[in-house]
Amino acid sequence: MNKPNRMNQFGGTWREAKMEIIVDYAKAYLIIMNKQRWAKTLYFDGFAGSGLIDSSNAEEAKKGTALRILDITDPKPFDLYYFVENDQAFKQSLEALVQKHYFGRNAHVVKEDCNEKLKAMAGFLQKNPNFRALAFIDPYGMSVNWASIEALKGCGVDLWILVPTGLGVNRLLKRNGDIRPSWITKLERFLGLHKAEIMAHFYKHKTAHTLFGEETFVEKERNAISKIGELYREKLNQVFEFVSESFILRNTQQTIMYHFMMATNNASALKIANDVIKPKYNF
């Protein structure tokens, strides 16, 4: 039964694959961090959801990423969990599940904008150098501003982020380059680029010979979605030392919807990330 006030909607095989990647990475991450006796571990989820995923193909709801991460206890759980969810109903649902099934864990569920909490986490990590964070950002559309990601520069954090390349950015990049001012503002905030840079990156000027002479027009790059993924990866590399390969999420028509990637300042973390982004996930 569909209960939108309590459960997230299930998105199919790609959603399951995405959750498997972050959970597999978290398990490997905790094995390594368990050997670093000086370090405290923080798990940060910027769009934690309700804790449950409603699947039309199953009689019972499935656990979302937040609960799957809380289920990890071998070799150890995280020392601190910070779940951010701006939807009040989802926040209350997740909070109730955490209190009921994970009582005693140092887990916090807050209703807040992810952008503000990413900046707050950056400040926390700077003041507490013994903490290392694993952050998972699975945003609603293009709701994460580039300035919030940039705030993490120099911090001890491994950041997994789902970038809405096809489902978000590409839809705003109109074919003829005639982009609404409000969409330009949204693109600028998300990509951390000015309008002129965006236009230069995704459009080219072409000249055509017509009955009235030469005419110049703007044409969108054919491989715009792939270029969005490449651009975001390059931008992450300006903040972090290493960025993983991208796991590409497609719909049933094989159209690219998202690029899923991890950024870190740790070479070992990069290897783990690339290892969990396996060929079996590329359907």
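## A look inside the predicted model

Of the 283 residues of the protein chain, 48% count as buried, where buried means under 20% relative accessible area, exposed over 50% and partly exposed in between, with a 1.4 Å probe and protein chains only. This is a predicted model, in which local features need pLDDT of at least 70, side-chain atom pairs count only at pLDDT 80 or more, and totals for chains, interfaces and linings use all residues. Residues are numbered from 1 along each chain as its sequence is written, and side-chain values use heavy atoms, with hydrogens and water left out.

The average pLDDT (the predictor's confidence in each residue, from 0 to 100) is 90 for the protein chain, and 88% of the residues score at least 70. Over residues 1-11, however, pLDDT stays under 50.

The protein chain holds ten helices and 13 strands; these are DSSP runs numbered from the N terminus, with helices being H or I of at least four residues and strands E of at least two.

| Helix | Residues | Buried residues |
|---|---|---|
| α3 | 88-101 | Phe90, Lys91, Ser93, Leu94, Leu97 and Val98 |
| α8 | 195-202 | Ile198, Met199 and Phe202 |

The buried residues of α8 fall within an arc of 95 degrees seen down its axis, so they line one face of the helix; the arc is that of the directions from the helix axis to the C-beta atoms. Ala196 and Ala200 are exposed on the other side of α8.

An α-helix has 3.6 residues a turn, so residues three or four places apart point the same way. At the start of α3, a side-chain oxygen of Asp87 comes to within 3.0 Å of the backbone nitrogen of Ala89.

What about the interior? A nonpolar core is a set of buried Ala, Val, Leu, Ile, Met, Phe, Trp, Tyr and Cys residues joined through side-chain atoms within 4.5 Å. The largest has 47 residues, of which Met121, Leu191 and Leu236 touch the most other members. Beyond its neighbours within four places in sequence, Leu191 is in contact with residues including Ile198 and Phe202. A second, separate core of 42 residues includes Val98, along with Val23, Trp160 and Phe260.

Key. The expected span of a helix is 1.5 Å times one less than its number of residues. A polar contact is a pair of N or O atoms within 3.5 Å; within protein, one must be able to donate a hydrogen and the other to accept it, and residues adjacent in sequence count only if both atoms are side-chain atoms. Contact means heavy atoms within 4.5 Å.
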